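Here is a short note to read beside the model. Please keep the structure open while you go through the points.

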Amino acid sequence: MDKVLEAKGINKHFLKPKDFHVLKDITFAIKRGEFASIMGKSGSGKSTLLYILSTMDTEYTGELYLNDTLVSGRLASELSRIRNEHIGFVFQFHYLLSEFSVLENVMLPAKKLARKSHQEIEHDAMQKLKMLGIGSLALQKASRISGGEKQRVAIARALINNPIILMGDEPTGNLDSYNSDNVFNIFKQLKEEEGLSLLVVTHDEDFAKRTDYIIEMEDGRIIDKSVLSI
Amino acid sequence: MTNWKVILNIAKTHLLTKMKSTATASLGVTFGIGAYITMVSFMTGLNTMLDSLILNQTPHIHLYNEIEPTANQPISLYEEFENSVHMISSIKPKQGQKKIHNALPILDYLKKKDKVKGATPQVRAQIFYLSGALDLGGTLVGVDIMEETRLSNMRDYIVEGSPEALKNTDNGILLGSGLASKLSLSVGDRVQISTVRGAIFPLKIVGIYQSGIADIDNSQSFCNLKTVQQILGEAQNYITDINVKLNVIEDSPALAQLLEKQYNVTATDINEANAQFETGSNIRNLITYAVSITLLIVAGFGIYNILNMLIYEKMKDIAILKATGFSGYDVQLIFMSQAMIIGIVGGILGLLLGFVLSVIIDGVPFETEALPTITTYPVDFSVGYYIIGIVFALISTFVAGWLPSLKARHIDPVKIIRGT
């Protein structure tokens with residue numbers, strides 16, 4: 001299987017308040033259709049790693065490949081374009097634009113990409129929302145729906161440009177067990193039905209155990225990569 | 001590659017959801033621009049009126065023969081006294097005439113010149129207006145009345161009668177309004193004048209002239225050129241003054257110098273004669289612009305504040321936009337377009353406000369003895385000021401929006417999302 005995301009020897013220092021070597025020589029890869037989770041204690045560097053992998057953080061050394069192309073050292077505007085086109089992102093706190101409707105929130109990244117007409121984008125967005133079971137909320141204001149619904153809207157938004165990888169920073173961290181389950185099932189379904197690669201940082205052991213494998217981190221190193229189930 | 005539709009849509013949504021702040025910021029610009037337009041229109045209107053009050057009655061170049069003592073007194077011809085100090089008491093002006101030598105050829109020459117709009121001959125004579133036992137000293141100016149009305153707005157100052165009436169009446173006179181009231185005379189009456197040499201002539205009043213300047217109205221009257229020449233008993237080439245109007249006022253100093261050299265006459269140009277006037281106009285303009293710019297700077301700070309607040313409120317939105325693939329430049333454009341929308345809307349409303357206020361001022365009655373043609377406050381409605389106004393608005397909002405939007409551009413989404 002081809003590698004969707006590959007990190008080679010990634011090192012990162014926090015310089016403030018004093019020099020701190022937060023990521024030490026991280027090397028790993030995620031293949032197409034894999035569902036991986038990153039676990040570790042607070043301060044182990046897992047979120048920092050995720051933001052580097054998402055191309056938002058560019059202050060590191062080492063090489064990062066997306067679809068076998070080097071993305072390290074590219075211009076900020078090119079990275080924006082890559083994020084827009086190839087990476088879907090789901091956060092712990094849903095982070096929707098509260099003044100826009102659910103549908104507009106989902107459509108926004110596709111409008112930015114501007115590869116399809118407005119009608120096509122709207123159709124795609126509706127489809128994603130329906131797939132996630134929240135088609136009826138499309139015209140609601142994003143600030144007026146529940147937390148679990150917001151997270152599903154965020155997933156729909158992450159999927160709108162058909163990315164090659166979906167990243168999540170504790171996407172279930174703020175949800176109750178019912179909604180957590182729901183989000184996990186959606187991820188699982190995306191992996192199985194659409195062959196999407198997923199990389200999720202989580203504290204939730206139950207959640208992590210059900211993924212393909214867990215990347216366990218401690219003190220800025222990957223200490224264990226255990227394949228749980230295939 | 002910029003997707004304007006998306007960016008403007010986001011900017012619009014931000015502005016509409018923060019209607020109060022948007023309105024406040026726009027109103028700042030509106031008042032700034034409105035005040036600028038009103039002030040500049042009113043000030044320029046007044047300036048133009050005051051300028052024309054003096055300048056239209058002043059020729060661009062005035063040619064005359066100065067009465068002065070000869071620079072070379074006979075003593076300087078004596079070789080014996082060459083190295084001595086000459087002391088002569090009781091010097092008299094050179095014996096000569098007040099008329100300009102070669103006046104008619106000069107006129108011909110001037111009329112043929114491209115730069116010259118027109119040149120009019122005048123004969124000035126010191127006379128007395130006779131009224132019973134009383135005689136009032138004054139000046140009688142012989143003019144080519146039709147040329148005068150073409151070249152200056154003299155017609156505006158003839159408050160009764162018309163220039164045509166003077167042209168058609170050989171012994172007609174346009175009497176100064178101050179004189180008319182002193183002598184209790186009106187159009188159709190006759191007035192007796194006497195020359196310095198004692199000859200008495202009756203003239204028929206065909207009009208009343210009111211320049212707005214009391215000294216002139218109390219002493220000066222106009223007649224036809226020929227009439228004054230006859231009164232003085234002089235020939236047709238007797239011309240004491242030539243007034244020249246140019247197409248471009250800036251040419252006057254150069255041409256005045258040229259004429260002085262070429263024809264041996266005294267030539268004063270308008271800048272020399274009215275230097276202090278120019279200064280007054282400039283200072284009034286300076287005040288107008290200083291006040292307007294101050295207003296716009298205040299409005300600019302309003303926009304700066306509001307955008308800054310908006311950006312703090314929208315930190316999370318900015319982070320999410322960047323995370324989903326909007327570049328820093330896109331984010332900057334979003335906030336810049338908000339500033340520019342505020343600038344355009346506020347600016348256009350400001351132009352309207354300024355226009356309405358100008359129209360109101362234009363309608364306010366303003367009647368004064370000095371200005372017979374003015375009935376309301378003068379307002380200058382030049383399109384130029386409206387263009388400057390909107391450009392001002394756009395520049396100030398652009399500058400005010402630049403710093404906050406630059407900050408938004410450089411916000412690090414990772415920091416916001418991680419909450420550090």
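1. Terms first. Helices (H or I, at least four residues) and strands (E, at least two) are DSSP runs, numbered from the N terminus. The expected span of a helix is 1.5 Å times one less than its number of residues. This is a predicted model: local features need pLDDT of at least 70, side-chain atom pairs count only at pLDDT 80 or more, and totals for chains, interfaces and linings use all residues. Residues are numbered from 1 along each chain as its sequence is written, and chains are lettered from A, with ligands numbered from 1, in the order in which they are written.

2. Helix α1(B). Its 14 residues reach 20 Å from first C-alpha to last, close to the 20 Å expected at 1.5 Å a residue. A residue is buried if 20 or more other C-beta atoms lie within 10 Å of its own, exposed if 12 or fewer, and partly exposed in between; C-beta atoms are placed from the backbone. The buried residues of α1(B) are B:Val6, B:Ile7, B:Ile10, B:Ala11, B:His14 and B:Leu15. Seen down the axis, they fall within an arc of 165 degrees, so they line one face of the helix. The arc is that of the directions from the helix axis to the C-beta atoms. Turned away from the buried side are the exposed residues B:Lys5, B:Leu16 and B:Thr17. An α-helix has 3.6 residues a turn, so residues three or four places apart point the same way.

3. Chain totals. Chain A has seven helices and ten strands. Chain B has 16 helices and ten strands. Of the 230 residues of chain A, 47% are buried; of the 420 residues in chain B, 40% are. Two residues are in contact if their C-beta atoms, placed from the backbone, lie within 7 Å. For contacts in chain A with a separation of 6 or more, residues 24 or more positions apart account for 70%. In chain B, 78% of contacts between residues at least 6 apart in sequence join residues at least 24 apart.

4. The A–B contact. Chain B gives 18 residues and chain A gives 22 residues. On the chain B side, the elements giving two or more residues are α1 (4-17), α13 (315-323), α14 (328-363) and α16 (413-418). That side divides into eight nonpolar, seven polar and three charged residues. Here Ala, Val, Leu, Ile, Met, Phe, Trp, Tyr, Cys and Pro count as nonpolar, Asp, Glu, Lys and Arg as charged, and the others, Gly among them, as polar.

5. Helix α2(A), residues 76-86. A:Leu79, A:Ser80, A:Arg83, A:Asn84 and A:His86 are buried. Their cover includes β4 (61-66), β6 (87-90), α3 (102-113) and β7 of chain A, together with α13 of chain B.

6. Nonpolar cores. A nonpolar core is a set of buried Ala, Val, Leu, Ile, Met, Phe, Trp, Tyr and Cys residues joined through C-beta atoms within 7 Å. The largest has 116 residues; A:Leu53, A:Val106, A:Leu199 and B:Ile303 have the most contacts inside it. Leaving out residues up to four places away in sequence, B:Ile303 touches B:Ala25, B:Gly28, B:Ala339, B:Ile342, B:Thr397, B:Ala400 and B:Gly401. A second, separate core of 45 residues includes B:Val206, B:Leu225, B:Val228 and B:Ile242.

7. Transmembrane annotation. An unreviewed UniProt entry marks residues 21-43, 286-312, 333-361 and 381-403 of chain B as "transmembrane region". Such annotations may be inferred rather than shown by experiment; positions follow the numbering used here, and feature names are shortened. Residues 21-43 of chain B are 100% helix and 0% strand, with end C-alpha atoms 33 Å apart. Residues 333-361 are likewise 100% helix and 0% strand, with end C-alpha atoms 40 Å apart.

8. Positive phi. Most residues other than glycine have a negative phi. A:Asn162 has phi near 45 degrees and sits in the loop between α5 (147-159) and β7 (165-169) of chain A. B:Asn102 has phi near 60 degrees and sits in the loop between β1 (61-64) and α3 (103-112) of chain B.
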